[in-house]
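Please keep the structure in view while reading.

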Amino acid sequence: MTSPHSTLQVPRLATEMRRAPSSSGHDAGLLLLRIVLGLTMAGHGAQKLFGWFGGGGLDGTGQFFTMSGYPSGRSMALVAGLSETLGGLGLVIGLLTPLAGAAVVGTMINALAVKWGGGFFAPKGVEYELLLTAGAAALALTGPGRYAADRLVPALRAHRFVYGAAALALAVVLAGGVLLLRK
C-alpha cells in the first residue's frame, strides 16, 4: 500500500491534471456559441421589428402570426421580435444570460409549434428551430463563461444552475400560455 504522499502518486496526478478540460477553451467555446446564436436570433428579431434582412417588419410578421392562429398578430410580432432581439443581444454580451436564453427558448417553442408536422428536415422541418432552442437552453443552464458581462453582476458572477433552470421553467410556462391563445 502506498501513502498519498508517495512518489508513485505524483505522475498519476500530473496525468489527471493534463487531461482536465481547459477552462479557457471552455469559456472561448461558450463565447463562440453565444455570439453566433445571439446574433442569429437578434437578426431574426430585427426582421420582425424593422423589416431588416428581408423580413416582413411588424406588419408583415403580424399578418403571418394572424394566419398562424395567434390573436392580435402585430402585438405578437412585437413580443416575438423584442424577445429575439433583446434575448439575442443579451446572449452576445453575456448579460442576464439565463433570462436571455429563456427569451430565445420561449419564442422558439412557439416557432416549433407553428412548424410542427412538416417533418424534421428543411425546408418544412423543425431541425433549425430545435437547434436554436437547444443552444439557448444550454447557455441558460451552463452560464455564459468568463468572457461575459454577467461577471460584473454580483448575483450572476458565479452562475448557478438553479438560475438557468428557473428561467427556462418561466419560458416554458409563458410560451405555453401564448400557445393556449392560438386558435
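A residue is called buried when its relative accessible area is under 20%, exposed when that area is over 50%, and partly exposed in between, with a 1.4 Å probe and protein chains only. The model is a predicted one, in which local features need pLDDT of at least 70 and side-chain atom pairs count only at pLDDT 80 or more, while totals for chains, interfaces and linings use all residues. Residues are numbered from 1 along each chain as its sequence is written, and side-chain values use heavy atoms, with hydrogens and water left out.

The chain contains seven helices and zero strands, where helices (H or I, at least four residues) and strands (E, at least two) are DSSP runs numbered from the N terminus. Its pattern along the sequence is accordingly α-α-α-α-α-α-α. Of the 183 residues in the chain, 37% are buried.

Rings of Phe, Tyr and Trp (its six-membered ring) pair if their centres lie within 6.5 Å; planes under 30 degrees apart count as stacked, over 60 as edge-to-face and the rest as tilted. This rule gives five aromatic pairs. The ring centres of F64 and F65 are 6.2 Å apart and the planes meet at 85 degrees, so this pair is edge-to-face. F64 is partly exposed at 42% relative accessible area, whereas F65 is buried at 13%. F65 also pairs with Y70 in a tilted arrangement, with 5.3 Å from centre to centre and 50 degrees between the planes. Y70 is itself buried, with a relative accessible area of 4%. Elsewhere, F50, W52 and F53 form one aromatic cluster.

The C-alpha atoms of K183 and Y70 are separated by 6.4 Å, although the two residues are 113 apart along the chain. K183 lies in the segment after α7 and is exposed, with a relative accessible area of 82%.

Next comes the largest pocket, which holds about 860 Å³ of space. On a 1 Å grid over the protein atoms alone, a pocket is an open set of points where a 1.4 Å probe fits, with protein on both sides within 12 Å along at least five of seven lines; lining residues have an atom within 4 Å of a point. Grid points are joined across faces, edges and corners, and the volume is the space filled by probe spheres set on the points. The lining comprises 35 residues, of which K48, F65, A80, E84 and T107 are the closest to the centre. Helices α2 (23-50), α3 (57-67), α4 (73-93), α5 (97-115), α6 (127-142) and α7 (161-181) each supply at least two lining residues, and α5 gives the most, with 10.

Helix α7 has 21 residues and reaches 31 Å from its first C-alpha to its last, close to the 30 Å expected, a span taken as 1.5 Å times one less than the number of residues. Its buried residues are G164, A167, L168, A171 and A175. Seen down the axis of α7, these residues fall within an arc of 100 degrees, so they line one face of the helix; the arc is that of the directions from the helix axis to the C-beta atoms. An α-helix has 3.6 residues a turn, so residues three or four places apart point the same way. On the other side of α7, V162, V173, L174 and L180 are exposed.
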